[in-house]
Amino acid sequence: MLEDHWITINNLSHCNFILTSDKLGEFTLSGLSYKVTITMGVGSDIWDMLPAGLKNRKPIPISTVLFTKGVNEQQMLSERVGTNTMEHTINIDGLCKLEVYFMMYKEYVTQNNVAGDIQKLDSLIAPICKHARAHIYKDIKLLSMVDEAVRLMSGSRVTSCKSAKDRTGMSVTYESVSVLSREHSLVASGFNNALAALRSHGVRPLNCKKNTGSGKYAFNAFQMKILPKEYRPPIGTYGGKIT
């Protein structure tokens, strides 16, 4: 499943977008299966703000990267028996692509005198390289740093586990509270309270209920011990049987 996900994400880098003044949301697909062009309408308001190059149908390429960290019992077993080479291979591939994109971004920001926190990005890329190459077990710090770097470069991110509800819910809520702390002055003493609130009363329990009929995360006592402490939900919010 992880291999399929990796291949699909890599294939997205063969897609391009072309913007038109057509109605927002209208789109057409053209090209071949390995080189797809999505021609998409953005509406007149957005169209008027676009630079000349994009109005002249200049293609917008997509740069995709994947980073992965297993945090469940299968991952623990894989680490113990030494069969977890796929995760390391994916992360090194993601690192190489992220470094290339960062160099392009840095050059663009410098040459065009546009806003961009190059100093902060420089301070993130080095530890990202270190963590990715070190292949640290359940290294949530790697995912957090990559998240911050992508945000600083105005990129988009998607977080998902196998079912897109339990471990995904833990990751998304941790990311949200990290943003509150980093960008909106959430005091350190309020971090864990905000995290517990999002996991207990936010949309994540509702996502579990919509998918399984139970508003609890599908973690048992054994799995709770294995999860990184950053990914452990509050007491009373877990114990769902369906994964």
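Start by selecting Ser-185: at 66% relative accessibility it counts as exposed, where exposed means over 50% relative accessible area, buried under 20% and partly exposed in between (1.4 Å probe, protein chains only). Ser-185 lies in the loop between H8 and helix H9 (191-201); helices (H or I, at least four residues) and strands (E, at least two) are DSSP runs, numbered from the N terminus. Its phi is near 65 degrees, a positive value in a residue other than glycine.

A word on what you have open: this is a predicted model, in which local features need pLDDT of at least 70 and side-chain atom pairs count only at pLDDT 80 or more, while totals for chains, interfaces and linings use all residues. Residues are numbered from 1 along each chain as its sequence is written, and side-chain values use heavy atoms, with hydrogens and water left out.

Next, pick Ser-154, in the loop between H7 and helix H8 (166-183). Here too phi is positive in a residue other than glycine, near 60 degrees. Ser-154 is exposed, its relative accessible area being 67%.

Now select helix H5, residues 85-112. Its 28 residues should span 40 Å at 1.5 Å a residue, and the end C-alpha atoms are 41 Å apart, which agrees; the expected span is 1.5 Å times one less than the number of residues. Which residues of H5 are buried? Color Glu-87, Ile-90, Asn-91, Gly-94, Leu-95, Leu-98, Phe-102, Tyr-105 and Val-109. Then show what covers them, including helix H1 (2-12), helix H4 (73-81), helix H6 (118-134) and helix H7 (140-152); contact means heavy atoms within 4.5 Å. Just after H5, stop at Asn-113, with a positive phi of about 55 degrees.

Move on to strand E2, residues 27-32. Of its six residues, the number buried is zero, so E2 lies largely in the open. E2 pairs with strand E3 (residues 35-41) in the antiparallel sense over six bridges; two strands pair if DSSP finds at least two bridges between them. The two form a hairpin with two residues between them. Zoom in on Gly-31 to find Val-36 of E3 opposite.

For the last stop, select Leu-24, Ile-46 and Met-49, which make a nonpolar surface patch of about 340 Å². Patch members have over 30% relative accessible area and no salt bridge, with nonpolar side chains (Val, Leu, Ile, Met, Phe, Trp, Tyr) joined within 5 Å and like charges within 9 Å. A salt bridge is a side-chain nitrogen of Lys or Arg within 4 Å of a carboxyl oxygen of Asp or Glu, and accessible areas come from the Shrake-Rupley method with a 1.4 Å probe. Ile-46 is found in helix H2 (residues 43-49) and, at 37% relative accessibility, counts as partly exposed.
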